[in-house]
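My entries follow the structure below.

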Amino acid sequence: MPHDHDDHHHDNELDLMAARVRALETILTEKGLIDPQAIDVIVDTYETKVGPRNGAKVVAKAWSDPEYAGWLKRDATAAIESLSYTGRQGEHMQAVFNTPDTHNLVVCTLCSCYPWSVLGLPPVWYKSPPYRSKAVIDPRGVLVEFDLVLPETTRIRVWDSTAELRYLVVPMRPEGSEGLSEEQLADLVTRDSMIGTGLARAPETA
Amino acid sequence: MNGPQDLGGQMGFGPVAPEKNEPLFHADWEKRAMGMTIAAGAMGHWNIDESRHARESLHPADYYASTYYEIWAKALEVLLKRHGFVHPLELDEGRSFGKGTQPKRVLKAENVAAALAKGGPCDRPVAGEPRFQPGDRIRTHNFNPETHTRLPRYARGKLGVIEAVRGGFVFPDSNAHGKGENPQYVYTAVFTAPEIWGDGADPTLTVSIDAWESYLESA
């Protein structure tokens, strides 16, 4: 059962995978190939520093500053780097903007490509066969699972991340968000809205 | 390769089932598997394309029965064995028998921040001009290599339109197999759903892939 969110792995000291990974780490450490503390730092980076709040700040700035939005559209890597979000799995960024006519959805059918620098590590569903298989053939059916029903006339554009470009969806700015600060706007930007499986939250429900 | 990773358009996997308030990791071993994959990769003995190929070369039954961090951990073992860092018996016994291949470098804790911030850019200069321009009609190559490729099956032999020229990038089909980076121009190519999926396809849907130049022919 690959997609039951690992319930069979919880708190089980005899878990085979836990034992296998621990054995591998022991061997690599004994051989001096890895520094276990480096792994701690890597994990801490994605637990506490690099996550979807980065992307939310990019989107909020694009909503607030048309010049920045234009830069983000032309050269997303540089525009995002200007906010200090750089590095692994964000080396070559593209920002795609939702419009009233077109909704964008990002997938990696071949593996798990995801814009780490702005969204952090991908959720399990993004990396799993149901989403990867369905997003390119039945995106509307996928969106329904996220409680997102788009008008039948809305065009859907699916971006399959088959190369090293990483895609950030810029959702539409919600109605009623006029006058909010960038910080308040960032709170409306969900992770899923930047993948395309959601919309930005309306201010009253934020 | 037409392996288990090539999932676009396959059916029968059930609902996406997004988990509410999903934790970043579902078990402590996932943290170690993720970190080890990055740390071992930083030794510099294989590239991201070889890593991906190791993952998609798992037996399909194993691939589909594994969570993604399981896939990473299993592929990491394959890479470490292939490059002489560990012996299969060491994995069986869970201890080191001594030194194997000596690493070019070891990622230390104090260098992690810089290494992650630097990442691994894959853009490269390419001699000559791009063969295609935005608006050009193309047909994707139809081929079924047993080796690594990033042209998914659903997008082979299809008519599409070039939307953007993305610049030169390392060519994974050769780089995954130690045959050099051979950079090519990459393009975003767009296809209508009826072109890809035929009868009954959603006319409001378009799908794009990012395609290396040798995947494309003029149409």
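I began with the interface: 77 residues of chain B are in contact with 73 residues of chain A. I took two residues as in contact if their C-beta atoms, placed from the backbone, lie within 7 Å.

I noted the conventions next. The model is predicted, and local features need pLDDT of at least 70, side-chain atom pairs count only at pLDDT 80 or more, and totals for chains, interfaces and linings use all residues. Residues are numbered from 1 along each chain as its sequence is written, while chains are lettered from A and ligands numbered from 1 in the order in which they are written.

**Interface, side of chain B**

I asked which elements supply at least two residues of the side of chain B that touches chain A. They are helices H1 (28–41), H2 (48–56), H3 (60–65), H4 (68–82), H5 (88–93) and H6 (112–118), with strands E2 (159–169) and E4 (205–212). Helices (H or I, at least four residues) and strands (E, at least two) are DSSP runs, numbered from the N terminus. H1(B) gives the largest share, 10 residues. By residue class I found 41 nonpolar, 17 polar and 19 charged on this side. Here Ala, Val, Leu, Ile, Met, Phe, Trp, Tyr, Cys and Pro count as nonpolar, Asp, Glu, Lys and Arg as charged, and the others, Gly among them, as polar.

**Sheet across the chains**

I then followed the strands. Seven of them form an open sheet of mixed pairing, in the order E2(A)-E3(A)-E4(B)-E3(B)-E2(B)-E1(B)-E5(B). Two strands pair if DSSP finds at least two bridges between them. Strand E2 (102–107) of chain A and strand E5 (216–218) of chain B are the edges, each pairing on one side only. The twist from one strand to the next averages 35°; axes are lines fitted to C-alpha atoms, for helices over the stretch in contact, and angles run from 0 to 180 degrees between N-to-C directions.

Where do the chains join in this sheet? Strand E3 (residues 155–160) of chain A runs parallel to E4(B), with five bridges between them. I located two of the facing pairs: A:Ile156 stands opposite B:Leu205, and A:Val158 has B:Val207 as its bridge partner.

Buried means 20 or more other C-beta atoms within 10 Å of a residue's own, exposed means 12 or fewer, and partly exposed lies in between, with C-beta atoms placed from the backbone.

Inside chain B, E2(B) and strand E3 (residues 184–192) run antiparallel over seven bridges. B:Ala164 faces B:Thr188 in E3(B).

**Chain B as a whole**

I counted eight helices and five strands in chain B, running α-α-α-α-α-α-β-β-α-β-α-β-β from the N terminus. Its C-alpha trace spans about 60 × 45 × 35 Å along the principal axes. Of its 219 residues, 42% count as buried.

Chain B is divided into domain 1 (28–118) and domain 2 (137–218), with bounds from an automatic or database domain assignment. Their centres, taken over C-alpha atoms, are 29 Å apart. Five residues of domain 1 are in contact with four of domain 2. On the domain 1 side, I found no nonpolar, two polar and three charged residues.
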